[in-house]
Amino acid sequence: MTTSSNKKPSIGFVLGKSGAYAILILGLVGTLLPFFYIIVSSLKTTEELRQTPPDFFPKNPSFEHYTAILTDEKIPLTQNLFNSIFVSLTRVIITLFTSSYAGYIFAKYHFKGKNLAFGVILIQIMIPFQVVMIPNYLLVVKLGLIDSLWALIIPAFIDAYGIFMMKQFIEGMPSELMDAARIDGASEFGIYSRIILPQMGPPLASLGIFTFMSTWNDYLWPLIVLTSPEKRTIPLLVVWFQTAHVSNQGLILAASILTLLPIFVVYIFLQRWIVDQATSSAFK
Amino acid sequence: METTPIFKKEIASDSGKLMAKQRRFAYTSLVPILLYMGLFTLFPIAWAVVMSFFSYTPIREGSGFLGLGGANPFIGIDNYIELFTENTKPAEVFRLALKNTFIFTALVLPLNLLITLPLAVILESIGERFKTLFRAIYFLPTISSSVALVIIWSYVYAPGWGLLSLMFKAIGLVPPKSWLQDPSLVYFGVPLAMICVVIAHVWQDFGYNLVIFVAALQSIPKTLREAARVDGANAWQEFWLVVVPLLSRTVLLTSVLTVISSLQVFVIFQLLTRGGPQNQTQTMLLSIYENAFRFANNLGLSSAMSMILFIIILILTVTQFRILRTEWEY
Amino acid sequence: MRKMFFVLVLASLLLAACGGGATEAPAAADEKVEIRVWGHQAPAFNEANQKMFDDFMAANPNVTIKYETFPWDVFIQTIQTSLPAGNTADVILIPGGYTCRYASGGQLLEVPADVMTVDAAKGIFFDAPLGGQTCDGKLYGFPAEYNLEYGGAYVNPALFEAAGVTYPPAWENWDAVLADAKKMTVLGSDGVMTTAGMHYTNSDQLFTYFLAGILEQGGSYFAEDGKHFNFNSPEAVATIQKLMDMAQTDGVVDPIIFNAESEWVGDSFAQGHNAIGVLGSWYAGDAKIGYPDLVFDYVALPPMMGTEHKFVSVGGWGYVVGKSTQHPDIAWKLAAFLGADQANVLFFNSKSATIPAMKSVAADAKYVEAVPFASAVLPILDAGAYQGNLTDPDQLAYEIVYPTILDAVQGNQTAEEAANSIHDAANAMVDSAQ
């Protein structure tokens, strides 16, 4: 990166257009190749998977591992899928409500102890999960929630990050509308539900998507609190496969791809919001 | 990015009653939330702190509150002393883990920036349609389940016939016998296994910083850059004198975030290398987890380890909030 | 709407509380009872157990058995977290080294005297597996199998034939094993080992053969007080040296590729990547399910360091009852049905291809008929002892001994250094536990 032209104002000044695209495509290949390799490998037969050295592409692509995993009655795949969907959606609904509601209070009200209360909530962001993992486990046991899907939901009612985000967003909303509503006799909760909430579509959507994804991909906490096979979520099923079916690599690959698939589908439809969310949460 | 307004006083309402009503609403709404936070956040934290001063394992039935006491006696700061001075295996491994966690972080951060910054600059310079497409694909690993990604990378790093070995052979290079298992392969003081984990992690994680940098670049007002050009700056100068200074705050903030998240990486270490070979990829979190759940059930010692990790993260988080608090204006 | 928030919180707490409390009422005689059983996720174990559960449920129609299995790591972690929390299955198929740890902490129920006494158990079971289910002279469970990582190996006839080695092997001493293994080791064109002549560098094997090597030479790995360890004796150094030489001088295995983390001995053997796979006979059952086309035998290995077989065992899997059970009577009835009934034990050991912990089953012709390859190790069962109180057996085996010896075998430290480092770390472990 030594020469540059005075005439070219663009930031792609050094490389030129084709150079820029070449680098971007190289990055693309690097990003997609591991996915691609795993997808084509999952279409190999068990014999082909054990063959050394392996071929990159399967000779006769087949979905045998997918059919095996989807039809094996001993694998509670549908139940596990349901668990993951149920937990993820419930957490999304609860998080959206608590985050926007608490965010509204912190953004628009003055009261004694507000900073202290907000500080308490921020502590949750600062504490790495693993620090409270052990006491949380013992707590969940004492509450009788162990080996129940509620153990994944109840401790996660409040998402400090969500509150923080929503507070930032609501602070940016003008207060004049609220005062006008008050004069019209609206209750404080009415202001939240009728004035604030309707304006929060984009941040709620992106918080919701992120909550869904992080819940769907969560691994360590479910690993600790869920013990029955039919209570497992999808990532646990994959790890269970990885350890229990070493002799059948194809099943592990198929299970991994089935874990990724729902998220990819959600992503394709909602990617703009997702990327926006990543940006805004880091900025604020 | 719009600027965050400093909180403005509500338009003064002359009715004190109305204010009282608002306060009451705020309090009644927050009380359940705070009680909940108390139970599920503050109480566990306090519990973890207290546990770190006990020789506590739930296998033994203690006598006091929460089983702390009796057979699980109070031992002061012995857990911390053990971790830093004694030669027991958990303590030795923990000290190694502390070092490894820093090595990991120290490699992840520059590698991440080295990829994401130039890529963001290039990405920002191309047409809108392709920009969206590339950005979307680069972000793909970020949203994927770590468990599935570990399985993908175990195929990449498989000895002999893995994707990486095949690629090495295809271009006439001799791959190492084992990417993740040979403790004698150490480059510049960094074990090969650690380098492999760093690469896998950066691959999984770089999408985040990339979209942040692209957004930051987009938010630099065109007028500023045009003004620079009017003043006779060439593109190179424009980049270094206008873009870089404006970007530096974002880079700083992103770096702190990257460091904090690197300290908390778990799945890839637990499932891809299990801390091996010879503890070369053993990290603090893995040590905490293994001492609590895999080996001796020594929750007191594990809690002490957690506290050390917590203090490190706390310092970084405070730094992060400092950076956040200062206003940015273009 | 605001009320809804409270209602939501309350409702979910209530729901959860109901879910947790549903099974807690004690059952009357013929009331429906659900007994939860936990076990290790091993295909052969599970098939055998399921059949016995069905039999038990047929004989006790009021009982339903819920059988849950976990892969090893998850299982260990689940036991570690849920036993102390009082949230376990009623009957647990637990690994031997763990029973005493939980029993001494008060987490397991002692076998009631009317079910079986310690003295009666001594007559019924071999010492080694029984040792794994007793603690301070009290009996806490019934050993289901005799964990034997020593004395036998899997052999692959195709690889023997390809290298022109006599099959089946009749090895008189360890050197004869090594001589054959050397002939079967294959390096690829790039110099990387593709087939190991003998894979002995798995974690359990390095640990087992390290202890056995000390004993075979007449040494002891315990210090005089019986609690601390003596791991830097000449016998210990010689054993580590032997384990190193086999890889470094004889070159029968490349320990960087073949170890517990990559090319795990069982799968590696089944895929034809090693000709002699040193591993417990328990794997035969799994191999038959995971690799139905695999042709193999299980054969006896001569002593490595001496002339006589001498070894210790971690005990083996056994049925225990957690203290949190609501139905101790039924739980013990089931545990005894699974672990103390001769016909069922015979069925379990035959079906899962495990080594019997029960003496009468080991002597039963029907067992040998069902598990022919076990005959390789049946003669040495009496030479085994329980490994004793190792303070924290997992830490000792997987954190201290295995990684250190593997490091030495990989050529990164000398036998003396390895022995000293094991000695110090093991004794530090004992000290910190006191």
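Into which domains is chain C divided? Chain C is divided into domain 1 (33–147 + 315–386) and domain 2 (152–311 + 390–433); such bounds come from an automatic or database domain assignment. This is a predicted model: local features need pLDDT of at least 70, side-chain atom pairs count only at pLDDT 80 or more, and totals for chains, interfaces and linings use all residues. Residues are numbered from 1 along each chain as its sequence is written, while chains are lettered from A and ligands numbered from 1 in the order in which they are written.

**Domains of chain C**
- The centres of domain 1 and domain 2 of chain C, taken over C-alpha atoms, are separated by 27 Å.
- In chain C, 16 residues of domain 1 are in contact with 17 residues of domain 2. Contact means that the C-beta atoms of two residues, placed from the backbone, lie within 7 Å.
- The side of domain 1 of chain C that touches domain 2 of chain C has 11 nonpolar, 5 polar and no charged residues. Ala, Val, Leu, Ile, Met, Phe, Trp, Tyr, Cys and Pro count as nonpolar, Asp, Glu, Lys and Arg as charged, and the others, Gly among them, as polar.

**Strands of chain C**
- Helices (H or I, at least four residues) and strands (E, at least two) are DSSP runs, numbered from the N terminus. Two strands pair if DSSP finds at least two bridges between them.
- Strands β1 (residues 33–40) and β2 (residues 63–70) of chain C are parallel partners, with 8 bridges. C:Trp38 has C:Glu68 in β2(C) as its bridge partner.
- Helix α2 (residues 43–59) of chain C lies on the path from β1(C) to β2(C), and this β-α-β crossover is right-handed. That is, with the strands pointing away from the viewer, the path from the first strand over the helix to the second runs clockwise.
- Strand β13 (residues 318–321) of chain C pairs in the antiparallel sense with strand β3 (residues 91–94) of chain C over 4 bridges. Here C:Val91 stands opposite C:Val321.
- β13(C) also pairs in the antiparallel sense with strand β6 (residues 141–143) of chain C, over 3 bridges. C:Pro143 has C:Gly318 as its bridge partner.
- Both faces of β13(C) are covered: C:Gly318 and C:Val320 are buried on one side, C:Tyr319 and C:Val321 on the other. A residue is buried if 20 or more other C-beta atoms lie within 10 Å of its own, exposed if 12 or fewer, and partly exposed in between, with C-beta atoms placed from the backbone.

**Helix α17 of chain C**
- Helix α17 (residues 393–409) of chain C bends by about 35 degrees at C:Val401, and C:Pro403 follows within four residues. The bend is the angle between axes fitted to the seven residues ending at a residue and the seven starting there.
- α17(C) is largely enclosed by the rest of the structure, because 15 of its 17 residues are buried.
- C:Gly411 follows α17(C) and has a positive phi, near 90 degrees.

**Domains of chain A**
- Chain A is assigned domain 1 (14–62) and domain 2 (74–283). Their C-alpha centres lie 33 Å apart.
- In chain A, 7 residues of domain 1 are in contact with 7 residues of domain 2.
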